[in-house]
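The sequence and the structure are shown below.

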Amino acid sequence: MSNGTSELYFTFRPENAALKAKIEELSGENIDLCFQCGACSSSCPLTSEMDLLPSTVIRYAQLGMEEVLGSKTPWICITCFNCEIRCPRGIDIANVMEAIREMVLRTKYDKFTLDELTPEELRELPQIALISNQRKLTA
Amino acid sequence: MSEDLRIGVWVCECGGNISDVVEVPSVADQLEPEVAYVHRERYLCSSPSVEAIKAAVEEHKLDRVVLACCTPNMHTETFRSNLEQAGINSALLEIVNVREQCSWVHKEDHEGATLKTLDLIRGAIARIKESSPLESKVMEVSPEVLVIGAGVAGITTSLRLAEFGMKVHLVEKRPSIGGHMIQYPKVFPTLDCSQCILTPKMASINQSRNIDLLTYAEIKEVSGVPGDFDVKVWLKPRGVDVEACIGCGDCTRVCPISVPSEFNEGLSPRKAAYIPFPQAVPSVATIDMDHCIKCNSCVNACPPKCINLDDPGKEVELNVGAIVLATGFELYDIGSLAQYGYGKYQNVVTSLEMERILDVNGPTGSMIINPKTGETAKSVSFVLCAGSRDTEVGKAHCSRVCCLYALKQAQLIRDRGIDVWIHYIDIRAPGRRYEEFYAATQDKGVMFVKGKVTEIVPEGDRVLVRGEDMMINRMVENPADLVVLCPPIVTTEETLKLAEMLRVPVDEDQFVLERHPKLDPLATKRDGVFAAGAVIGPKDIQSTTAEAEGAAMKVVNFLSGERMIEPNKAYLAHSDLCDGCGECVDVCPENAIRLVGGKPVINEIMCSGCGACIPACPQNALDQQGLTDAQLKAQIRGLLESSTAEVKILAFVERAVAYTAVDLAGLARLSYPSSIRIIPLPSLARLKLEHLLHAFAYGADGIMLLEAPEHEGPYGSAHVVSEERADDYKWELEDYDVDSVRLWFSRVYVPDWRKLELVFNTFHNMIEDEGPVEDEVREVLKEKLG
């Protein structure tokens, strides 16, 4: 930043535009349509576990802010589609969450490894949960 | 003379609604010796009864009629028109409300209700003895109309009126009509071509035989009265004979002087001899005398030889019946707010300048180029509410159209692949197809940032737009090649001058005040002066057009058919007493009074009949037709003097709003003491202290003043005065040994009618505790009153 105020101010730069375009491409959603009504956040059953509200994730995505890739929120999302059913602008927010997970996973980052589970956990967890977690959370 | 009067009294039983509570036969028997004729009727409003009244009037040679029945809000018109047929003037008919305000509210108190009925009728009889016949007058009006301002509002109103067959004088300050709308390339939300839809209308103005178009002109003086205004119009010296000019433009080509073009918001030059834009109406040249150097090049070049550089200007006199204000708006001087950098940084333009940039015939030929630097813009930022919605600097109001025109401009710019940012506080898109337009703008990839822009600072050839992104709680700072400011839409200097000239008040926001903001939005506070478009507040073209059509209808309504002047006006009853102090002039809420030769002249058309001037006169020189002091005093005395009720409370009730609330209390069968006796008045501003003293002298123990809310009802402006007066009267009563608690003032809102039960009961109890006014006090009062 030319005047040294980059800490204080966010400025939309070409890299932000690129990140935003990538999220739109992977999700197939036009996130510009979001007008920040908050319906997705208030429909989400898991916001208590999230660091960013779903509506904030969308705003970060609109602005192409890299912070969105480090957020817990896309991983907490269980793809229940409540947000998507209630979005008045017809954005499939779960698709955007998936796109963000996809982008993180493409950096060879695994959110879930079987090795970390104890034998007890492996015995007790339902098969279906293990499989879907592997599908969703590993590269 | 009153002894010879033949008064007929009818008491309606209302099929038991009245007679189940009020002893109607007893009332009739007691009145029998006092008047020429008394009759009881089961249903007074039925057709046979109405016919019977007419027959009785004839048979008994009655000359005045008192009807005791339901509220006058029900059947007054029926009774009036039928009695007119029987030769009884409307002013010689009194209707006494003994249902809503007597039998229905005193169900448990037959004796009290009967007494009250008798008192109310006796009050009406006493009053009607003082009444004389009154006639409405037909007002002479000029069938011509003056429309000021020839933007889309003035054009639309003029065309409608011309189609209707009225003669219209359309006055425009600029050389061409078209207003701001002709400056816009596209209009929201349809993105259709503004000039394509307005130009045909402009041409129609030129072609209409009924429209006298006066451009490059201003209103110098307005005198006269509604229906008959005399107007002086100043045609500014334009150096060109409008009739002879053929609009060839030869003068423009040879003119050596260049000045900034108003049409292009100063972004490109025009000549001193110029036609402001190609579609101008009238399509004639104007010589800008402020800049002309009188080189005579144009005079020599002009083929029809119609240029006269010594044109002195000309004054035209018009006589019109009505005036329509359609003077539109201007943008707030945004250069005065330094944080936005307008005038300081060349990258900052106003929204009107951006309109011109986007026009194919504009200064950049619709290329998104900064006209001040010639640089192509790659990113454009909009600053909404630049100086709006701010009670500290700029303007407090929302300009209503900025969101939409910013969306429009953003779409047009975004379509060229340019980055567009819109900084907003709220996006307000409340109109048909507007929300969809907002969504369409987002769909095109225009970026929105919620948060008011705090400042614009330079960075190299660009500027940085700073503000908060409230959605992420971060400050943002985006570079822009062009910043478009959307400043407040404000009233024009000319409008303020005209408002003063026309004696039309403006509101706090300086836009012209409507007669009623909801129910009469196109009329101003002055009769015969109407308004349409942005002169009564910022608005879009749709609403402006709708208002303009409506204003035309208002004018037609005002000038067509017979304009009747109701006979309820204030008048100078005792010219000899008047010392020309002018108190009445100052207090009149309608500005209807002028001093001529040291005496007030009350304009009958402007006088609303509120009566506010009458108590203001220190000499008691004024009175009111149909509501004279003599009538009022007779009614007060007649109502109280012979009454045998224990507690007597007189309630003066504003006739339109408060009276309706009291009726509603009756309709709901609420219950309050029969001590409350009501006299309706147009506004309580009509009451003099003398009236109150009169009431206390002849038996009142307490007086209630139930006034409508300020500015509500037909005499709304007068209701302000009445509260101030009531405060004074309270203390003045003490001088006559009447305790100030005996006077009660409340404002009554229609929806508050349920509370009236409590109000009446509370005051009754207060007065009962207080006891009756002592006889000595009454005697002293009677003596003083003569």
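Cys610(B) counts as buried, since its relative accessibility is 7% and buried means under 20%. The model discussed here is a predicted one.

**Cysteines**

Over all chains, the structure holds one disulfide. This link joins Cys193(B) to Cys196(B), with 2.2 Å from S to S. The angle about the S-S bond is 85°, and the link of Cys193(B) and Cys196(B) is right-handed. A disulfide is a covalent bond between the sulfur atoms of two cysteines.

| Cysteine | Relative accessibility | Class |
|---|---|---|
| Cys193(B) | 24% | partly exposed |
| Cys196(B) | 52% | exposed |
| Cys37(A) | 46% | partly exposed |
| Cys610(B) | 7% | buried |

Helix H14 of chain B spans residues 541-559 and includes Ala551(B). Is Ala551(B) buried or exposed? Its relative accessibility is 0%, so Ala551(B) counts as buried. Apart from neighbours within four places in sequence, the residues in contact with Ala551(B) are Thr157(B), Val324(B), Leu522(B), Ala531(B) and Ala532(B). Between Ala551(B) and Val529(B), the C-alpha to C-alpha distance is 9.7 Å, and the separation in sequence is 22 residues.

**A parallel sheet in chain B**

Four strands of chain B form an open sheet in the order S2-S1-S3-S4, with parallel pairing. Strands S2 (37-41) and S4 (93-97) of chain B stand at the edges; each has a single partner strand, so one side of each is left without a neighbour in the sheet. From one strand to the next, the twist averages 15°.

Strand S3 of chain B, residues 64-69, runs parallel to S4(B) and is joined to it by five bridges. Opposite Cys69(B) stands Asn97(B), in S4(B). Helix H3 of chain B (residues 72-85) packs on the sheet, where it touches S3 and S4 of chain B. The direction of helix H3 of chain B makes about 155° with that of S4(B).

How values were computed: Residues numbered from 1 in each chain as written. Chains lettered and ligands numbered in written order. Predicted model: local features only at pLDDT ≥ 70, side-chain atom pairs only at ≥ 80, totals over all residues. Heavy atoms only, no water. Disulfide = S-S within 2.5 Å. Buried < 20%, exposed > 50% of the residue type's maximum accessible area, 1.4 Å probe, protein only. Helix = DSSP H or I, 4+ residues; strand = E, 2+ residues; numbered from the N terminus. Contact = heavy atoms within 4.5 Å. Pairing = 2+ DSSP bridges. Axes fitted to C-alpha atoms, helices over the stretch in contact; angles between N-to-C directions.
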